[in-house]
Amino acid sequence: MNNFKIFGKFLDQPILISKLNKAMPAIMTIGGSALLARDAFDTFKNTQDKQQAKKEIFKKGIIMAFSIASALAAPKIASKLVKRESIEPIEKIARKNSELINDYISKNQIKEDIKPILEKATNKILSLSEIKTLVQELVQDKNGKELFNKLIPDPENIKARDIFSEIGYLSTYGAIPVIGGILGGISADIATKEDCKKTIPNKINEGIYQYLANIFMCNIGAGVALGILEKLNITSKSARAISMVSGIVLTGVLGGSKIANFISQKIIAPLTKSKQQERKPEAMDICLHTDDIATVSLLSGLKWIEPTLPILYSVSGYKAGSGYRN
């Protein structure tokens, strides 16, 4: 096993994934607070009217709080709605690992330098060097290899029959922070006595744009590309990644943007009696497609990506709540 695969095994440790998932509320709260503090500094520095500056920061704080809270709640809600297993808690993983390791130790002779690493693997994250040692010592025989792959399962390519189930989960997941962001934006407008009739249409339209162009249609594009490769019996991981990115560009970046603008101009604008200009993709929108790289990775079986999704999807929620329209 080469160093690249060993690094992949390090990232895919169930204990590491579970701990990262558990730490995400603190990470997002600290990160969101830091961004808000920086924004407050810039706003007060560049605004003469300090009362207006306070009002703007107050609104941004409410929107950010709603976006972060909904993004953190999204995995549990989406898992229940689509009946998908969420990330396992550390306690459950530790019990399972302990049973596997105790059974292996009782039935096999192991070197003294391996035993402490196996004991650590029950409930702690192994270092790269420790994983490398396990690879060198365990994977040489059938029982050791079986144990190693149970402790840190290999990435599993999703089959065609499971693709759209996973996409349904990701699309539901992505919708929740967008809805949360819009509700946060409306709450902020009410709290600061803004004219909601003027501000709400922009939030709804931006939410539609964020969801269709940056989340839903991108997921569909990746899924369709995977389905085509499955039909053609192409299993290469590089081919899967390239085809999914191509599907994302065609259906999400291009198609999703067109559909979102059509809905905004032909449906939302008449209903709200507001004029909606075309929302054009910008550099920041391209940056938001980082979450599509996460989608590609997750659909390719890399589970360590999943705990980071709240960070990525909360950005779309924040932009929706702000009513950003170019």
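This is a predicted model: local features need pLDDT of at least 70, side-chain atom pairs count only at pLDDT 80 or more; totals for chains, interfaces and linings use all residues.
**Aromatic rings and a nonpolar patch**

**The tyrosine cluster**

- Tyr 169 sits in helix α8 along with Tyr 173, and the two are four residues apart, or about one turn of the helix.
- Tyr 169 has a relative accessible area of 0%, which is under the 20% cut-off, so it counts as buried.

**Ring pairs**

- How many aromatic pairs does the model have? The count comes to four.
- One of them joins Phe 7 and Phe 10, with 6.2 Å from centre to centre and 20° between the planes. Planes under 30 degrees apart count as stacked, so this pair gets that label.
- Phe 7 and Phe 10 are both in helix α1 (residues 3-11), and because they are three residues apart there, about one helical turn separates them.
- Phe 7 comes out as partly exposed, at 40% relative accessible area.
- Is the pair of Tyr 169 and Tyr 173 stacked or edge-to-face? Their ring centres are 5.6 Å apart and the planes meet at 75°, so the pair is edge-to-face.

**The nonpolar surface patch**

- Which residues form the nonpolar patch on the surface? They are Phe 164, Val 224, Ile 228, Leu 232 and Ile 234, and together they have about 440 Å² of accessible area.
- Phe 164 is part of helix α8, which covers residues 160-191.
- Phe 164 has a relative accessibility of 44%, so it counts as partly exposed.

- Gln 265 is located in helix α10, which takes in residues 237-272.
- With 33% relative accessibility, Gln 265 counts as partly exposed.
- Gln 265 and Asn 205 are 60 residues apart along the chain, and their C-alpha atoms are separated by 9.0 Å.

Note on methods: Residues are numbered from 1 along each chain as its sequence is written. Side-chain values use heavy atoms; hydrogens and water are left out. Patches are made of residues with over 30% relative accessible area and no salt bridge: like charges are joined within 9 Å, nonpolar side chains (Val, Leu, Ile, Met, Phe, Trp, Tyr) within 5 Å. Accessible areas come from the Shrake-Rupley method with a 1.4 Å probe; for residues, only the protein chains shown count as cover. A salt bridge is a side-chain nitrogen of Lys or Arg within 4 Å of a carboxyl oxygen of Asp or Glu. Buried means under 20% relative accessible area, exposed over 50%, partly exposed in between (1.4 Å probe, protein chains only). Rings of Phe, Tyr and Trp (its six-membered ring) pair if their centres lie within 6.5 Å; planes under 30 degrees apart count as stacked, over 60 as edge-to-face and the rest as tilted.
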